[in-house]
Each structure stands twice: as C-alpha cells, then as structure tokens.
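Subject: Handover of a structure, with notes on contacts and packing

Dear colleague,

I am passing on the structure below, and the notes that follow it set out what was found. Please read them with the structure open beside you.

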Amino acid sequence: MNIIKPSHPEIRQRTVVRLTALCCLAVTLLIPLTLDAVSLNSQGTAYWKASWNPPSEIDYTFSASERKYAFKGNGTVVRGNETDALPNLYFTYRLEGLYDINTGTAKESMTVSGSDPVFSPSLKYSGTFNCPSDPWLHTNVSCSATAISGNIDPKKWFVPPMRNRTLTAAQIKMLNDAALKEAKKLDIIEPRESASYKASSPVLFMIRQHIPADISLVPTQEIRLQIEEVNGKEQTIIKALSATGSGAYWGTSIDMKPGTWRARGYSVKPEFQNPNEVSWKTFNVTGQPALGEPLQKPVSIISPVNGNTYLSGQPLTVKLTIGQQLVKPGSIAELSVMKHQPTATGAWPLPPVEVYDKNWTISSLSQQQTIPANALSQTGTYTLDVIIYPDGKTGQSYISHKASASFTIAKFSKIQPLIKKPVIKLIPH
C-alpha cells in the first residue's frame, strides 16, 4: 500500500518568508550607525532599524562664545512585520546645532523627510541640553535634557541628543581642527571695516585674540601687522608687535596718508601663521573735506570738551549731537573710553587700555551718557570714542560714523593759604 504524505505548500511558503525576514534582519546588523533597537509599534511592526549615514554636507561657524553646526545626509530604515519584510524607507536629514561655550547649553533641531507617507508631514525634533563640553567636538559627553519637542518618535529613530553620532572620526577631527584654527585667529577690532578716519590724526590699531574657554591654547605673544594701500600708491607698512600684559592684546597708532587701506594681523611667535589664511580689513583715510561736503558732522561730542581737564573720582557727563539722517529705527551707538599709559622717553609706546564701554539704541538727536567715577579714578590722559551705526550692525559690513575727544583727569591739590607778613613802616620823628 502506498502511503501518500500530505503536502503543505503554505507551510513551506511561510518558512521561506520567515527565512527571508531573518536574512533581512541579519543584513541590517551590518549597516553602520544603527541608533535604535528592534521595536514593535501599534501597526504590528516587528522590527524597525534606522541607519544614519555620515553627512555629505557640513557647515559651521565658530566664535569665542558659541559654535554653530549644520549637517545634511541621508539614511535607511529596514523594517518588517511579523510575517513579511517590508520595503526599506529612504530619508534625508538636516541637523542644526548650537553650543554656547560660556553657559554649556547645547541646542539641536532636526528635520527628517522622504517620499514615503511616513514622512508626510516631515518629522521634526528639537532639544535643549546642558553639556559640560561641546557635544559635537567630543564623544561620550553626558548631557542632561531641559526641553525636547517635535513629532518624531525617539524610540524608533534615536535617543536624544543626536549631537555628533552621525559623524565619522575623521569628520569630528576636522571640526576640532577648525575650532583650534579659529581660536588662533587675530581679530582687528580697530580700525573697523569700511570706516573712515581723518588723516589729521594717527589711526589707532587694536588687535585681540579671542580664545574660547574650553580650548587649551598658548596665547600668541608676537604678531606682525601688515597694512597696504589698496591701489598700491603708498609703501606697505609692516610692524612687529608684542602682547600687552597677560591678555592677548596688541595696539599701536600710525600716521597715514589719505586713501583706501587694508590691514591684517598674523601670529609670529610661538607659532608662525600663514598670512594667506588671514582675512583683510579695509578702511578709509580721508583728507580735507571735499567741496560740497555737509558742514554738519554726523556725530559731535559736546562734552567732555576736547583738551579740557576734569577732576578724578567724579562721574563725567558725555553729551552728543547726532545728525538727523542718522537717527532712525535700528540705529545704535557705541561708547569707549581708553586710558593712555605713560611711556618712558625712547621706549616703544604702550597701547591704551579700555576702562569703560557702553552701547545703546539711539532715540533722539541729542544723547547723554555718564562715565562712572570708578572708570576715571587714575590721573592721566584719556580718549573718548563714540561710533554711530545708522543701520545697526548686521551683515559682513556696515556704515559707521566716529567722533573722538581727548581729556585729562587730574587731582587738584590744596592751595596753601597766603600768609600776609606785617609791613613795618618807619615814621620819621
């Protein structure tokens, strides 16, 4: 008797499907940057693996107080339900981050988009964290969340914060190198970009190095200041300057002829900096007023009077008049008081020291401010600079108008009373 064994093709089919699903699951384990474990959602999804490829586009902006990042890349979601392997999902992501160096606050926001209905609308996420160090420059930084929002499910995509987990080791090193390079830069804060200065007075040059608090770097000690006339009519000026005091600060003043000039400063010691890696700052030196130039100055200092002497330890009132065309919404003013240091005969002149600064929004043609008494406690010569920005300080360059006044702070000594001596008159007999 022939015994015919029953055939169960549906069992074989389920076996093949399960084997296929298992194979797909094995493949997903080989995909890098998988930031989530297998999860089961309300639709019965048995597994969901989001893989984030390293960003193909990286942008960053660094300063002494904060760092901004932007990354753009793509990724894949491998998924399947309890019986079938579902088609992969392909997505693009854009991650933006900001780290405040002084407060240790990190902020990041992300948008994930794709053609599948899963990404309609786009998935969004944002978070704010307290981090002891920059989480984009360092790995394994322990951050505590203060706020998280968005419509993305962290359990399926990643565990916040994302920070630099999509970056390769080479990309993280590139960002660290860029942060170090930025810390080595020298910033010419005076003269200002596109500002105009009179040839009748020496042009003041002030250079600083802003080293972020979280970067260990030996400050530059000696720099080279290079000044060129843009049209090449005048000889190039090169000066070697040494740092003043304990801070990374350099300063000098130079008599210059009228024209359009540009300046840059670069390190010489302890490390030589390639001058071609340093940007120029352009400014103008003007001669006598041209015919037809308005007689009214854009900004004038009424008090303190240029050349006058004032008593030490007393507040000093600053009175300004500003041209009508400069007072408009967004106009701002900056005030700076510099104390000149005494210089021995034949010695290199020491740069002035800033003792007070203030900025405010302009609201009228007449402005009044007060320099506090503690800023004028030392006797000597001071320079007051006032700069008006009629359109504010936005963009890479902006219009500015400057006025200056020099004054002296002195201590008045007590005058000894005049003692009248008796006059003896001889009376003839």
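Is glutamate 271 buried, partly exposed or exposed? Glutamate 271 counts as partly exposed, at 41% relative accessibility. Please bear in mind throughout that this is a predicted model.

Salt bridges

The structure holds 13 salt bridges, and one of them is formed by the side chains of lysine 184 and glutamate 271, with an N to O distance of 3.0 Å. Because lysine 184 lies in the loop between helix H3 (169-183) and strand E8 (187-190), while glutamate 271 lies in the loop between strand E14 (259-269) and strand E15 (281-286), the pair ties together parts that are 87 residues apart in sequence. Lysine 184 is likewise partly exposed, with a relative accessible area of 22%.

Glutamate 234 and lysine 257 form another salt bridge, in which the closest N and O atoms are 3.7 Å apart. Here glutamate 234 sits in the loop between strand E11 (222-229) and strand E12 (237-242), and lysine 257 in the loop between strand E13 (249-254) and E14, so the parts tied together are 23 residues apart in sequence. Glutamate 234 is partly exposed, at 27% relative accessibility.

Lysine 402 and aspartate 385 also meet through their side chains in a salt bridge (4.0 Å, N to O). Since lysine 402 belongs to strand E23 (residues 401-410) and aspartate 385 to strand E22 (residues 380-389), this pair ties together parts that are 17 residues apart in sequence. Lysine 402 is partly exposed at 29% relative accessibility, whereas aspartate 385 counts as buried at 10%. These two residues are also part of a network of salt bridges that links Glu190, Arg192, Glu334, Asp385 and Lys402.

The disulfide

The structure holds one disulfide, which joins cysteine 131 to cysteine 143 with an S to S distance of 2.2 Å. Both cysteines lie in the loop between strand E6 (123-130) and strand E7 (144-150), so the pair ties together parts that are twelve residues apart in sequence. The link between cysteine 131 and cysteine 143 is right-handed, with 120 degrees about the S-S bond. Cysteine 131 is buried, its relative accessible area being 5%.

Strand E18 and its partners

Strand E16 (residues 299-303) pairs with E18 in the antiparallel sense over four bridges, and lysine 319 in E18 is the bridge partner of serine 303. Strand E21 (residues 366-371) also runs antiparallel to E18, to which six bridges join it, and threonine 370 in E21 stands opposite threonine 317.

Nonpolar cores

The largest nonpolar core has 36 residues, of which Trp52, Phe91, Met110, Val112, Trp157 and Phe158 touch the most other members. The elements that contribute two or more residues to this core are strand E1 (45-52), strand E3 (66-81), strand E4 (85-100), strand E5 (105-113), E6 and H3. A second, separate core has 25 residues, including Val299, Tyr310, Ala375 and Phe407.

With best regards

Conventions: Residues numbered from 1 in each chain as written. Predicted model: local features only at pLDDT ≥ 70, side-chain atom pairs only at ≥ 80, totals over all residues. Heavy atoms only, no water. Disulfide = S-S within 2.5 Å. Buried < 20%, exposed > 50% of the residue type's maximum accessible area, 1.4 Å probe, protein only. Pairing = 2+ DSSP bridges. Core = buried A, V, L, I, M, F, W, Y, C linked by side-chain atoms within 4.5 Å.
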